Amino acid sequence: MPPFARYLLHTLFPPDVLRPTEVGADVLILATGVIIMVVMTRRHKWRHLWTEWLTTVDHKKIAVMYLIAAIAMLFRGGVDALMIRTNLALPGSPVISASEYNAVFTTHGTIMIFFMAMPFIFALFNAVIPLMIGSRDVAFPRLNAMSFWLFAFGALLFNMSFVIGGSPNAGWTAYPPLTERVFNPGPGENFYFLSLLIAGIGTTMTGINFVVTSLRMRAPGMTLMKMPMFVWSALATSTLILFAFPPLTVALLMSLIDRLFGSSFFTLGHGGMPMMYVNLFWLFGHPEVYIVVLPAFGIFSEVVPTFSRKRLFGYETMVLSIVAIMLLAYGTWVHHFFTMGAGPTVNAFFGLSTMLIAIPTGVKIFNWIFTMWGGRIRTTVAMLYQLAFIPTFVVGGASGIMLATIPADYQFHNSYFLVAHFHNVLIGGTLFGLLSGMYYWWPKMFGRKLDERQGKWAFWLFLTGFWITFGPQYLLGLKGMTRRMYTYPLGYGWHTLNVISTLGAFVMGAGFLVLVYNIVYSMRNGERDLTGDPWDGRTLEWALPSPAPEYNFARIPVVYERDAYWDMKEKGQTLANSLTVRDVHDLELPRNSSLPFFLGLSFFVVGFGMVFSWWIIAGLGFAGVAACLVAVGFDYRGPKRVDAAFIRGTEVALGRLRA
Amino acid sequence: MSLELAPEPGRREDLPLELSDEQESVKITGFWMFLVTDVLIFASLFSAYAVYRPRVATGPGPLELFHFGPALLETLLLLTSSFTVGIAIYEMRKGRPGGVMAWTIATLALGAAFVFLEIHEFASYAALGATWHQSAFLSAFYVLVGTHGAHVSFGILWAVTLLVQLARRGLTPVTARKLYTFSLYWHFLDVVWVFIFTVVYLMGKIA
């Protein structure tokens, strides 16, 4: 074999990607890829895919793409989770080795936070925020598409790591010196840093987009204090993104140049300081916790009033508390490393600031309960997730207060108590919220409801599975089991609890399968939503047909009240019965663009080249990025005109306009 | 009473050119939000620099390394370029594309001189063996000042493409908005440099 080929083979396929699990996964990926290719070619769908999806700038389609990616990533993160639990089921009998285990818990955490929770949130933001505020799109539609493609190619780069080169294996936080090149020479951590940098640029741009969308694109009359709570949560989340992602970018960049170009930021020698990475990472990481949970709070603030047939209790305090959480979120990061020895004064400050967050959060919990109080409650799947969220999240919050108690934290730190706590708030808060939102807005996105009976099955499996998995983990933590151990000996009293926890994880896995079946079944057989308002909703998105036409609003209404659509229905003046032929004019919509896709692809090439230090490939990628940016600058094609006759035809077909 | 419908947006002739079109003015708001993220990037780099400044390991410290001469000259060049880009925007408000071109070119020349001096400064340090491998202090110095320099260099390339657009299309709401955001960016870099000069060079020589 020529030396070049041997080098290539050795770099791309080191021994740790040639284990049976990895090769099995590779075969499945290849097979799936081939099947998709064949089906696409047989049905002549490539052109359709390109013109309707890959080059789209329509927020509704971008939302669908985000959602598909999020569910796929939920699958991969979930498989990782099941591998973790399988390994820990029985004492002293690991199924996978320590090094594989390191890779699996690293990718589980990274994928669930960055490539599942984030795109799921952006899917819902994209799907409904413009509709809720009475807008035809987000503030920057093409930038929105760029955000998506940077996320997608970042996710691709990250997920490639176990097929070629080797997975990252230093935990989702990637602390040095675990990531220092001398201790961790493979390309795995390069995959981590580069894919997060690329996806992070996309996320930052999404943050900018939704801050400006909620500040500048609202329908006339919709003042800030008339904005739906979900839009408030998007504004708060996006503001947090603006302030939180730059420190992450800096931390990742410094680690990367430490690894690739030999600088000395976080090294053990040359005056470097690993603790600085930890500070910068959590300066992002703690706000990130609120970035993923505030949207869930926003979703519940929409779901509860709708299914209680009451207006939201204490709207003003809801807004105040979300803003308070947003501000406090930035002052608590040190609580992730009380044990690092910052001293009692510093620790006391951050312990107190952490406990303070419980106050605005408590206000919100009570407001949701008071909204339900005396309401006519319908227990739809969306509402069930909310009802399960309240007790689950309260338990997770309370264990958070226990962790914020510094002397006690010296015991809890890095134990399974902590693992149980953050899964309690991330699954009980974020994931329940996102699933609630998915069931609630699914008819608006796809024109069909998700089957409620199957949805309830998935819900109950998820909820019981969740408690069976994580309830025992609190006890395991108190019994001294630490996180990230790949196996443990018999005789510590951890055995029974671990078996139970693993069983719970498989119940959750079954819940996921039912959920996927629910989606697949409902795409064809779900109940059609012909009114556009299947839940008797209160906010503006329900004023539109499901799914909304490309231009959203043939005319944008003036808003007078907080629950704008409820107000229109009460006055008998909905868009459906108020538009006349004369009201409809020509419209301008943003034009499709292939540049976002190519920009994402170029960044992918940069990342791929840099992972293996193949500078020619990286250079080609950079040239591609530069070319895309110049092309964006010189793109003076005007907006696409949609003429009035077409809009009239569409509105008539949708039953919104009398011909 | 029937439902009130919002009028479709039109041009605002009472506002400056770059704000006259609703879509273009929204982009300026967006650019401010981008600047927020860039402020945070530099804030993180400054905090890292502050932490790493005493950690010189076996390498030189700020006192031995820096010279006032080049830093002062760089400051002078960049502050002047901020003034010239201000005049370019003044010319834009007056509707004189020729003046905009001339003053933007002056800005770019000053910016290019700045970048040249900075590269020269870095090269002279590296020639003394003061590379970023040597110490955490040097890593933080090169990355903080280098990130600023990279921003200036990107700004120069960006403005070149803007000049081509201006030459082809004249002053329109779109080109005016682009030039305006470029000037925001350039002023921002100037402000960052003031902090770099103070924190890195002045405080480095005093301590």
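**Exercise 1. Describe the fold pattern and extent of chain B.**

Read along its sequence, chain B follows the pattern α-α-α-α-α-α-α, and its secondary structure comes to seven helices and zero strands, where helices (H or I, at least four residues) and strands (E, at least two) are DSSP runs numbered from the N terminus. The model is predicted, so that local features need pLDDT of at least 70 and side-chain atom pairs count only at pLDDT 80 or more, while totals for chains, interfaces and linings use all residues. Residues are numbered from 1 along each chain as its sequence is written, chains are lettered from A and ligands numbered from 1 in the order in which they are written, and side-chain values use heavy atoms, with hydrogens and water left out.

Next, take the dimensions: the C-alpha trace of chain B spans about 80 × 45 × 25 Å along its principal axes. Of its 207 residues, 53% count as buried (under 20% relative accessible area, with exposed over 50% and partly exposed in between, for a 1.4 Å probe and protein chains only). Finally, among the contacts in chain B with a separation of 6 or more, 79% are accounted for by residues 24 or more positions apart, contact meaning heavy atoms within 4.5 Å.

**Exercise 2. Determine how α11(A) is oriented relative to α12(A).**

Begin with the geometry: helix α11 (residues 344-356) of chain A and helix α12 (residues 358-372) of chain A pack at an angle of about 10 degrees, with their axes 5 Å apart. The axes are lines fitted to C-alpha atoms, for helices over the stretch in contact, and angles run from 0 to 180 degrees between N-to-C directions. That angle therefore makes α11(A) roughly parallel to α12(A) (under 35 degrees; over 145 is roughly antiparallel, 65 to 115 roughly perpendicular and the rest oblique).

Then identify the residues: Thr354(A), Met355(A) and Leu356(A) in α11(A) meet Ala358(A), Ile359(A) and Pro360(A) in α12(A).

**Exercise 3. Locate His336(A) and list its surroundings.**

His336(A) lies in the loop between α10 (315-328) and α11 of chain A. Its side chain is joined to that of His335(A) by a polar contact of 3.1 Å, that is, a pair of N or O atoms within 3.5 Å, of which, within protein, one must be able to donate a hydrogen and the other to accept it, and residues adjacent in sequence count only if both atoms are side-chain atoms. Leaving aside neighbours within four places in sequence, His336(A) is in contact with Trp282(A), His286(A) and His413(A).
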